[in-house]
Every structure is written in structure tokens, then in C-alpha cells.
Amino acid sequence: MLTPVTAPRRETLSDSHGAVAEHNPNLRHHFDTMEQQFDSATLGMWVFLLTEIMFFGGMFCAYMIYRSMYPAAFASTSAHMNPKWGAINTAVLIVSSLSMALAVRAARLGQQKALQILLLITIFFGLAFLGVKAVEYHEHWVDNKVPLIAGHWDYSNTEHEPNQAQYARQAQILFCFYFFMTGFHAVHMIVGVGLMLTIFAMARKGKFDAHYFTPVEISGLYWHFVDIVWIFLFPLLYLIGRTKELI
Amino acid sequence: MQIPLLPEAASTTAPYVDYLYWYMSAVTVIMTTLIFAAVFFFAIKYRRRSEDEIPQPIHGSLKLEIAWSVIPFLVMLTFFWFGAQIYFANASPPSDAMDVYVVGKQWMWKIQYPEGQREINELHVPVGRPVKLTLASEDVIHSFFVPAFRLKHDVVPGRYDTMWFNATKPGRYHLFCAEYCGTEHSGMVGWVTVMSEPDYENWLANSGAEGTMVQQGERLFGQFGCSSCHQLDQQGRCPNLRGVYGSRVQLNDGKTVLADDAYIRESILNPNAKIVAGYKSDLMPAFQGQISEEGLLQLVVYIKSLAINKAPGEVAAPGTQPARERILPNGVKK
Amino acid sequence: MSTALIEPRTVETPNYLNAEYGWKSWLFTKDHKRIAILYIISITVMFFLGGVFAGLIRFELLTPQGDLVNSDTYNKFFTMHGVIMVFFFLIPSIPATLGNFFVPMMIGAKDLAFPRINLLSWYIYVVGALFALTAVVMGGVDTGWTFYTPFSSTFSNTFVITAACGVFISGFSSILTGLNFIVTVHKMRAPGMTWGRLPLFVWANYATSLIQVLGTPVVAITLALVGLERAFHIGIFDPAIGGDPILFQHMFWFYSHPAVYIMILPGMGVISELVACFSRKAVFGYSFVAASSIGIAVIGFLVWGHHMFVTGMSMYASLYFSLLSMLVAVPSAIKVFNWTATLYRSSISYATPMLYAFGFIGLFTIGGLTGLFLATLATDVHLTDTYFVVAHFHYVMVGGMVMAYMGGMHFWWPKMTGKMYPEGWAKFSALLVFVGFNLTFFPQFAAGYLGQPRRYHAYAPEFQVYNVLSTAGATVLAVGYIIPFIYFMWSLKYGEPAGDNPYKATGLEWKTSSPPPTYNFETPPIVTEEAYAYAGHGAKEGDVV
Amino acid sequence: MHQVPSVRTYVLVWLTLTIMTIVTYYVSKIEMGEWNIVVALLIAFFKMMLVVLIFMNVKAESPLTKLFAAAGFFWLILLLGQVAIDYISRTWMPEGKMW
């Protein structure tokens with residue numbers, strides 16, 4: 001197992017590089033300086049976010065194609081999404097992003113108390129987002145708009161939607177997108193909340209100071225990324241075809 | 001034993017593909033020989049003669065780098081150019097091409113002719129006449145591949161694909177499914193028989209057919225109850241289909257769509273997808289999963305035949321397609 | 001293999017192998033060198049497993065009737081061969097083994113930037129491989145490694161979800177390796193190790209990492225969507241509800257074409273090292289070779305459509321992808337020409353790694369040029385999905401990549417283990433591989449143009465002669481792969497001690513002891529010269545470039 | 001080692017983001033034809049840039065981080081754009097000639 005204690009030999013290494021030989025127990029053995037370690041971690045997170053962009057990008061790509069193939073069907077199905085919930089969730093995530101950004105700021109300035117409070121706020125809003133999402137999923141379930149589960153799909157004409165049956169087939173594609181995209185996003189939110197809980201626990205134990213806050217920083221980047229994905233999902237899934245009565 | 005090198009070249013396209021192939025092969029052989037020769041020559045000439053030998057470094061040459069980037073690229077552009085020429089020449093069939101309809105199904109090729117003959121894993125065509133294949137798949141992706149014609153096209157479910165060829169040499173040629181399609185993929189093979197014109201007419205006459213495809217389509221049109229709503233002489237509950245094929249149809253969302261094979265197919269399977277202006281949705285049941293691709297093709301051919309102002313059921317002369325000019329503009333609703 | 005490595009033997013200088021003992025010291029190691037060894041063991045297992053399937057395929061194809069196994073079994077054979085070889089051998093092969101071991105050493109770092117993520121990536125790989133093996137044991141998959149919808153999503157009755165999970169999971173292993181390399185190359189270089197001094201192997205691995213990071217997630221989500229579609233019986237690629245199977249192909253090949261470069265680029269990096277070392281000369285046109293790696297990585301993302309010329313994709317899209325596919329051949333050509341030019345007026349040794357390098361240059365040239373047949377529209381229409389394609393990509397993957405891997409393994413074996421392999425046997429098996437390979441795959445070009453479709457269990461009799469040749473070659477090839485395996489094992493115990501630098505090579509990895517100590521260097525290296533400064537420190541900066 | 005933006009900046013960004021969310025919600029009700037999606041995506045893009053530049057602090061980051069952040073979007077465009085090439089031109093029927 002790796003021991004975080006720096007061996008004497010390695011200390012001389014850092015010295016020979018003319019680096020600041022400030023002995024920080026958080027400095028891992030294979031880095032020379034805290035700065036190098038911080039930069040590596042940040043760059044690593046950015047590279048990871050690159051892969052995340054492409055991961056969601058695959059779904060956005062398929063979405064783009066189908067939406068251009070079946071614009072009317074997408075407009076029709078979007079009527080079954082509740083844009084109010086979507087907007088509320090957007091606002092919730094934006095608040096959580098703010099508190100996250102402030103948490104990173106507090107960590108940088110070494111304000112431990114503020115960091116913990118802000119992390120808790122972030123976790124709270126993250127959970128609120130998931131709660132709203134659960135409510136929405138439940139509404140779709142009750143409304144029989146879950147093509148994934150046999151017996152929970154009904155797209156026949158109703159009083160409210162007198163002409164929707166014509167889109168019954170392609171509507172399933174949009175609902176698949178809806179559940180896959182928001183589902184993968186929700187998984188990322190759950191991971192994010194778990195990450196925040198870990199960071200919070202670390203903060204409680206006093207792991208961070210003004211010289212070491214790398215985990216806060218990089219989890220913050222992740223959190224903001226998940227927020228950005230939602231910023232795009234919101235108009236793409238909820239705000240289609242709201243301008244006119246559907247034909 | 002005879003070792004075959006090239007498949008028969010039996011279509012108008014084949015010789016061109018072969019020329020290109022030989023040209024590219026020649027370039028490949030020359031290039032490979034040059035590289036091999038250089039490597040061998042250097043390896044022998046500059047072999048290490050003593051353990052301490054240190055050769056003078058040569059760091060590079062901009063001129064050489066540019067030369068061996070640009071020249072191969074120009075050669076490759078010629079490949080691209082000729083390849084694209086042939087590919088585009090094969091893009092759309094000539095207007096006088098005769099129609100044959102092909103359905104790929106795990107694991108067989110079902111072929112039907114406008115005159116009504118049907119075959120499995122056998123395609124008979126006359127020599128010297130362009131043939132247009134309309135390809136449909138019942139299940140997964142197949143690929144219609146005739147090596148002797150140097151042509152192949154995937155058959156993708158949910159759409160019609162087309163390919164065409166003009167056979168130049170009578171004979172029997174392999175027909176393969178080239179896109180992996182499951183268990184008996186390698187059994188999804190057949191023969192393309194190219195016959196002289198009289199032989200072909202003879203074959204047509206002697207192959208039993210239960211009526212032309214138009215008649216078969218008309219029969220289905222009755223069987224599925226289409227005719228009770230889509231009346232051909234007056235406006236029924238549903239659009240009159242006479243003259244629809246090949247026209248632009250006004251839809252209820254304000255758009256128009258060209259009534260081609262794909263549109264008719266979609267309208268049968270999923271009538272609600274594109275609704276003609278002035279009609280309601282849900283008037284017509286969806287036939288998704290109820291009609292085979294072959295039946296669909298018959299219906300399409302039948303509806304196509306209605307485009308020409310002839311009595312329904314009358315055989316359209318082989319190879320005649322509705323010319324776009326003859327269709328009344330917006331012939332859907334009067 | 002591992003047990004042999006961890007046995008304490010004579011008194012040795014402290015190195016990464018004798019630093020700790022016991023299985024825990026391996027399974028919980030964070031040393032990139034030990035992780036590389038773990039990877040070597042696991043991909044070797046997968047390689048021989050994939051090889052067994054290859055052998056079964058070849059024996060089935062000895063006769064045209066398809067009489068050895070039934071068609072279902074045959075379909076599973078080629079699918080498992082493809083899945084295992086592509087995702088569990090070729091993709092991780094050089095980056096995760098030789099790259100893992102030598103990229104940090106070549107840039108003078110103590111380890112990769114994220115040692116724990118490195119170990120994690122190996123565990124993820126193992127989990128992915130276990131999923132794939134589970135699919136094999138439960139009864140196999142028959143979709144082909146390409147998982148084309150709607151066959152994979154709706155029609156296949158085999159364990160597609162299990163196999164797709166395996167590929168999905170191992171994808172993250174690949175992503176994490178790439179991530180680690182990118183950060184390591186950016187942030188962990190020793191003082192003086194500028195970008196212009198990086199060994200070309202590092203450049204190649206860096207370019208590879210870019211593809212891994214940017215491409216892999218797309219195939220991951222695509223296969224996830226296929227898996228979900230199978231699990232829920234509804235999804236976005238199903239033509240019955242308006243889905244487009246061609247979209248799946250776009251998304252699949254967006255990764256899977258660049259994935260070809262994931263497989264070949266590190267091999268090209270190895271060849272650059274071998275050519276330089278065994279001709280004792282700086283690689284001709286260093287900056288062009290380095291830049292061409294990055295060029296391949298970027299342009300590689302612009303050409304995937306050439307897999308789809310006959311699918312009913314738009315004609316104009318075909319035109320676009322065909323043209324750009326010609327473009328991607330240029331950087332590959334630059335590399336081949338530069339390697340050849342490096343040999344000019346050099347001092348060439350015929351050591352085994354160099355024989356593999358010669359083999360690579362020749363076979364990759366053939367593989368690359370025949371790729372042009374498949375990038376050209378009209379010829380591709382005839383050749384796609386035939387044995388011509390099979391021959392082409394085996395020339396690149398096996399003739400190129402596996403040759404480079406074998407060359408690299410021989411080259412760095414003394415460094416990794418401190419032992420020399422037996423030179424005579426090594427030369428003999430290099431020759432066997434070259435001959436066996438050509439005998440296996442060259443006839444397939446002919447069978448392909450003649451029209452033999454790939455993935456055929458039974459075939460028309462006129463193709464038999466080529467298939468018999470091919471099977472004969474495969475037998476030779478198999479022997480050529482088994483011999484090195486045996487003598488490598490043998491050399492662990494009986495091999496001559498290698499010394500720190502048996503080839504008198506440049507490069508930081510040769511400046512430390514063999515096997516290297518745990519943190520690679522006793523004193524941190526400071527780089528003062530260009531890569532491949534065989535003529536000594538006085539080597540001038542590039543004359544022209 | 002990095003400059004830390006003020007709380008005020010963060011709150012202003014948050015305020016802008018929230019306002020943009022409200023704007024995009026209501027603007028989607030205005031009939032603009034094809035432009036609805038364009039406007040929605042422009043607003044989303046603007047919001048994203050705010051989050052990336054300020055919340056994620058890319059503005060103050062090294063050129064390397066900027067390069068990697070930009071590369072993500074560049075590659076996304078490669079994916080979307082080249083797939084779109086096929087679908088946009090799929091119905092164009094060449095008449096036996098290349099151009």
C-alpha cells in the first residue's frame with residue numbers, strides 16, 4: 001500500500017528541483033510540489049469532463065437527428081412534459097451551482113465553516129432536484145407515458161390532446177430520449193451528491209486548508225458540468241412546440 | 001486446379017470498377033515494392049559493421065517531407081476522383097429501367113416482378129436492359145451483393161433502398177447477403193440469371209404468376225378493406241388515391257410531401273404519421289405488423305399504377321414509371 | 001507469470017519486482033510498472049483466448065460446406081474473436097502495457113499522475129473482461145463485434161447485454177488510461193523534457209489518449225442505448241417506431257474508426273523507437289513524425305463514414321467521407337517514409353525487435369494502401385463486407401499492431417525483467433510470424449475481390465483454395481506466437497542478465513537500472529538533449545525541421 | 001495561485017442565470033417558427049458560458065485548461081456536424097453526375 005509519508009529520498013528530489021519544499025502531508029509521493037499536484041488534478045478533471053461531454057454528446061446527436069426527422073411528433077410529446085417542473089429544477093440547479101461556486105471560493109480562502117455550510121446547501125438543492133425529478137417520473141407513470149414499461153404507454157387521443165394518436169409511434173422515441181437523457185443526468189446527480197457528501201465528511205475532519213482543497217475544486221467542476229447538461233436538457237425536452245395548439 | 005482471380009465482369013459498371021482496381025493495385029504494388037526495396041537495400045548496405053559504430057545524424061529535410069506528403073495525396077485524389085465518378089454514375093437509375101422488387105428476410109431473398117412472377121433466391125433479368133431493384137427488409141439489415149456486377153447495397157429495415165444495374169453477359173452469377181444478418185447469414189445466397197431478351201420473355205411467360213403485381217396489390221387493397229374508404233372514383237371518407245403517386249401532397253400541418261414509395265409505405269403502416277390536409281387522424285387503422293413487405297410492395301405498385309390514368313388493375317407496361325409531368329399538381333383533393 | 005516474477009532469487013539491487021512480495025503487493029500496487037505487468041498478463045490471456053476462436057474459425061473455413069460446427073456456433077466464434085481481440089486485446093495492448101510502463105519513465109516521472117486511477121482502470125478492465133467471458137461461458141454472442149442494430153437490439157437471441165456491458169465497462173478502463181497519460185505528459189515531465197524532446201513513443205501515446213478520451217464515451221453511450229433497447233424492448237434505433245439503424249452506425253463508427261488509430265498509433269510509436277535504436281540514428285523528420293501522430297488522431301475523427309458507403313447514407317456524405325479518408329492516409333505515409341529514410345546511412349543491427357520493425361513497415365504499408373481501396377467509393381461498394389476488408393484490417397491490426405507489440409515486448413523485455421530473451425529463437429519466431437501472417441491474410445485479399453463475403457460459415461467452392469492457404473498460414477502464425485510466449489517465460493528464470501542498457505539505446509528508461517527501482521530513477525533525471533541523440537550530446541538541433 | 005472572484009460576481013452570475021431561465025421559459029411561448037429552437041439554444045449557450053467562465057473559473061485558468069474546455073465543444077461539433085451532413089443531404093438525388 002502506498003504510504004502518504006514522504007520518504008527522505010523523495011524530499012531531496014523536490015529540493016533539487018528548486019521547488020518549495022513545504023512539507024504538506026497531502027502531497028503525494030510522485031509529485032514534486034503541491035502546485036503540480038493541484039494542476040494535475042484539475043487538468044485530469046477537465047479531461048474527464050471532455051469524456052462526459054462526448055458521452056452526453058452521443059445522446060444529443062441522436063436527439064438532434066430524430067428531432068429533425070419528426071418535428072411534429074416531438075412537439076406533441078413535449079406537451080406531456082411539465083415545463084414548470086423543468087424550470088423549477090433549472091432554478092434549483094442554478095442555486096446549487098452558486099452555492100458550489102461559493103463553497104470552492106470558501107475552500108480557497110480557507111474558510112472551513114463556510115465551506116461546510118455551503119456544501120450542505122449544495123447537497124440540499126441536489127436532493128431537491130432529484131425529488132422534483134422523482135415527482136415528474138411519477139406523473140409520467142400515472143399518465144401512462146412510460147414506453148419502457150409494458151402497460152404504461154398510452155398515446156391515444158384524449159379530450160385534451162385530440163390529435164396526438166398520429167404521433168404514437170415516434171412519440172415513443174422522444175419518451176425514450178426523455179428517460180434515457182434525464183436518467184443518465186439523474187445518475188450523474190446522484191454521483192454528484194455522493195461526491196459532495198464525501199467532500200463534506202472530509203471537510204468535517206479538517207482535511208482541507210488554504211493550501212489543500214483540490215478535492216473541493218474538482219468536485220465543483222463536476223457539479224457545474226452536470227448543471228450545464230441540464231441547462232441544455234431543459235429547453236430541448238420541455239420547451240418544444242409551446243407556441244400553438246397542436247394540430 | 002484452376003485458381004480464379006477475378007469474378008466475372010457482367011455489368012456495365014464492372015469493367016470500370018476493375019480498371020480502377022487494377023490502377024490502384026498497380027500503385028499499391030509499386031509503392032510496396034519501393035518501400036520493401038529501400039528497407040532491404042538500406043538494411044544490407046548500412047548493416048552494423050562494428051559495435052561502436054555511430055552514424056552521422058541526419059535530422060530531416062523539409063523538401064522531402066513536402067514531396068512525400070503532397071505527391072501521394074495527389075495520387076490518392078485520382079483514386080477518389082475515379083471512384084466518385086463511378087459511384088455517382090450508379091446513383092440513380094435511368095428512367096427506362098425495369099422494376100424488380102426484392103425483399104430480404106431472415107434468411108432468404110424474395111423477388112417479385114411487376115408481371116407477377118415471384119421467386120426465392122433467384123433473380124432473372126434480361127441482358128442489356130437497365131434493371132432497378134427496390135429493396136426492402138422484413139427484419140434486420142441485409143445487403144444485396146452481386147460480385148459479378150461489382151455492386152452491393154444494404155437493405156435497411158423501415159425504408160426502401162434502390163440500386164440498379166445493366167447486365168452485359170448472359171450467365172448465372174452469385175447473389176450474396178453481405179451484411180451479417182444472423183444464424184443462416186451464409187445461407188442467404190442465391191443466383192442472378194442473366195438471359196438474352198427472348199429467353200427472358202420466354203421465362204416470364206412460362207413462370208406461373210397469379211396476376212401482375214398491380215392485380216395482386218388490387219386484391220390486397222380489397223382484402224384489407226382499403227377500398228371501402230379509399231374510393232377511386234369519388235371522394236370517400238378517405239383521400240382518393242387516383243393520381244396521388246408522384247404528386248406533392250398537402251398535409252394537415254401545412255407542409256407538403258412527395259408521394260413516393262416511401263411515403264405510401266409509411267402511410268399504410270402508420271397512417272397517422274402524415275395526414276392529408278382536411279382529414280382527421282385515426283380514420284385508418286395502422287397496418288404495422290400486419291402486411292408483409294412483399295404485400296406492401298404490391299400495394300405500392302398498385303397505387304403507383306393509379307397514377308397513370310388507366311383503369312385500376314390494368315398492367316402498366318414494364319419499365320414505365322409515372323413521369324412527374326403527367327401528374328396533376330396537388331392531385332389529392334379536388 | 002506473476003508467481004515467477006515475485007519469487008525472491010539472488011541478491012539483487014532493489015527494484016520494483018523485489019520491493020515487495022505476495023499477491024497483495026501486486027493486486028493493490030500503485031506502481032505503474034507493476035500495473036503494466038498486470039495488464040500484460042491479462043491481455044495475454046485474452047489474446048490467446050481470442051486466438052483460440054480465430055483458430056476455430058480458420059479450421060471451420062477449411063472446407064466450403066461449413067461442416068465442423070453449425071452456423072450459430074460459427075457466428076459466436078467470430079463475434080467473440082472480434083469482441084475479445086478488439087476491445088480486450090488491441091485497444092489496451094500497447095498503451096496499457098508498454099505505455100503504462102514506459103511513458104512515465106521516458107519523460108522522467110516517478111509514476112503516472114494518478115496511480116490509483118491507473119490501478120482502478122486495470123480493475124475496470126478485469127470486470128469488463130469478466131462480463132465478456134461470462135457472455136462466452138453462458139453461450140456466446142452472435143452479433144459480430146459491430147453490434148449492428150436492429151439485429152443486436154431486437155433479433156439476436158444471445159447474450160448481447162452481457163457482452164455490451166463488458167465493452168461498455170472496459171471502455172472506461174480505456175478512458176482512464178488515456179486521461180492518466182494526457183495529464184502525465186502535460187504535468188509530469190522532468191526538467192528539460194520539452195515537447196520537442198519527447199520520445200516519439202510518448203507522442204504516439206499522447207495522440208492515442210486523445211482518441212480514447214474523446215471517442216470512447218460515444219461508443220459507450222451507443223452500446224448503452226442498445227443494451228437499454230434490448231432490456232426494455234423499446235428504444236431509439238428500432239425501425240418499427242421510426243428509429244434509424246443507420247444512426248447507430250454513425251455513432252458506432254464515430255468511435256470505432258478512430259479506435260483503429262487507438263490500436264495502431266502506439267504501435268507506430270514503438271516502431272519509431274525501434275528504428276532509431278537499431279539504426280543508432282535520430283528518427284528522420286522528428287517533428288513530422290510527432291505531428292503526424294496528432295494529425296492522425298484529429299483527422300481520424302473525420303472519416304468514419306467510409307464504413308457506410310453502401311448503407312443508404314447520403315451520396316454527398318459518402319463523397320465527403322471518401323475525400324477525407326484520403327487525407328488521413330497522408331500522415332501514415334509520412335511516418336513510413338520517415339522510418340525508411342532513417343535507415344539511410346545508419347548503422348543497422350538485425351536484433352529481433354528490428355526484425356519486427358522491418359515486418360511492421362512492410363505489412364503496414366500493404367495494410368495502409370489497401371485501405372485506400374476501401375476509402376475509394378466505387379471499389380468500396382464491391383469490396384466492403386468481403387474478405388478484402390478482413391485482410392486489410394488484419395494487415396493493419398496484426399501485421400501492424402501485433403508486430404509492433406511483439407517488437408516492443410522484445411525491445412523492453414530486458415528493461416522490464418532484467419533478463420535477455422534467447423536471440424536465436426526470437427529471430428526464428430519473428431520469421432515464422434512474418435511468413436505465417438502473410439500466408440494467412442494475403443490470400444484473403446484475392447478471396448475478397450472474388451466476392452467472398454465475410455462472416456460466412458459456408459461459402460461457394462471456388463473460394464476454397466484461398467481459404468486452405470489461409471488456414472495453413474494461421475497454423476504457422478499460431479506457432480509463431482506460442483514460441484515467444486514460451487521463451488519469455490523461460491527467460492524469467494534462465495535468461496542472461498540483461499544489464500541496464502543492452503542495446504546502447506538513448507532514452508531515459510535506459511538510464512536507470514534493469515529492472516528499474518520502484519520510483520524509476522535513483523536521482524531525478526534532468527534532460528539536456530534531444531531524443532535519439534545517438535551521436536552524443538553534441539547533436540545539433542534539427543538541421544532543417 | 002489563482003485569483004478568487006468576489007461573492008458579488010458569483011451572485012450577479014446567479015441572478016443572470018435565473019433571469020435567463022425565466023426568459024427562455026416565456027420566450028418559448030412566442031411563435032417564431034424555426035427560430036424558437038435557435039433562441040432557446042442561444043440562451044442555453046449563453047448560460048453555459050457564464051457557468052464555464054465564472055463558476056468553473058475558466059476565465060482565470062491557464063490556456064491549457066481553456067484549450068481542453070474548447071476541445072470538448074469542438075469534438076461535439078465534429079460529431080453533430082458530420083452526422084448532420086448525411087441527414088441533410090440524404091434526399092438530394094444526384095442525377096448520375098457528381099456535381
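**Starting from one valine**

Let's begin with A:Val47, which, leaving aside its neighbours within four places in sequence, is in contact with C:Leu179, C:Ile182, C:Val183, C:Val213 and D:Phe68. By contact I mean that the C-beta atoms of two residues, placed from the backbone, lie within 7 Å.

Some housekeeping. This is a predicted model, where local features need pLDDT of at least 70 and side-chain atom pairs count only at pLDDT 80 or more, while totals for chains, interfaces and linings use all residues. Residues are numbered from 1 along each chain as its sequence is written, and chains are lettered from A and ligands numbered from 1 in the order in which they are written.

Back to the valine. A:Val47 is among the residues with the most contacts inside the largest nonpolar core, alongside A:Ala103, C:Ile84, C:Ala164 and C:Met401. How many residues does the largest nonpolar core have? It has 402. A nonpolar core here is a set of buried Ala, Val, Leu, Ile, Met, Phe, Trp, Tyr and Cys residues joined through C-beta atoms within 7 Å. Buried means that 20 or more other C-beta atoms lie within 10 Å of a residue's own, exposed means 12 or fewer, and partly exposed is in between, again with C-beta atoms placed from the backbone. The largest share of this core, 23 residues, comes from α9(C). Helices are DSSP runs of H or I with at least four residues, strands are runs of E with at least two, and both are numbered from the N terminus. Domain 1 (98-206) and domain 2 (213-326) of chain B both give residues to this core, so it lies between them. Those domain bounds come from an automatic or database domain assignment.

**Chain C**

Now for chain C, which has 16 helices and zero strands. Buried residues make up 70% of its 545 residues. For a chain with 545 residues, a compact globule would have a radius of gyration near 24 Å, and chain C agrees because it has 23 Å. That radius is taken over C-alpha atoms, and the globule rule is 2.2 Å times the number of residues to the power 0.38. Along its principal axes, the C-alpha trace of chain C spans about 65 × 50 × 40 Å.

The peptide bond from C:Thr149 to C:Pro150 is cis, with omega near -5°, and C:Pro150 sits in the loop between α5 (115-138) and α6 of chain C. Another cis bond runs from C:Ser514 to C:Pro515, with omega near -10°. C:Pro515 lies in the segment after α16 (464-494).

Then there's C:Asp385, which has a positive phi of about 65° although it is not a glycine. You'll find C:Asp385 in the loop between α13 and α14 (387-417) of chain C. Is C:Asp385 buried or exposed? It counts as buried, because it has 24 C-beta neighbours inside 10 Å.

**Where chain C meets its partners**

Chain C touches chain B through a contact that takes 82 residues from chain C and 77 residues from chain B. Which helix gives the most to the side of chain C that touches chain B? That's α11(C), with 15 residues. By class, this side of chain C has 50 nonpolar, 24 polar and eight charged residues. In this scheme Ala, Val, Leu, Ile, Met, Phe, Trp, Tyr, Cys and Pro count as nonpolar, Asp, Glu, Lys and Arg as charged, and the others, Gly among them, as polar.

The contact between chains C and D takes 13 residues from chain C and 12 residues from chain D. Here, α11(C) gives the most to the side of chain C that touches chain D, with four residues. That side divides into 10 nonpolar, three polar and no charged residues.

**Chain D**

Let's finish on chain D, which has three helices and zero strands. Of its 99 residues, 31% count as buried. Helix α3 (residues 63-89) of chain D has 27 residues and reaches 38 Å from its first C-alpha to its last, close to the 39 Å expected at 1.5 Å a residue. The expected span is 1.5 Å times one less than the number of residues. The buried residues of α3(D) include D:Phe68, D:Trp75 and D:Tyr87. What covers the buried residues of α3(D) includes α2 (34-69) of chain A together with α8, α9 and α11 of chain C.
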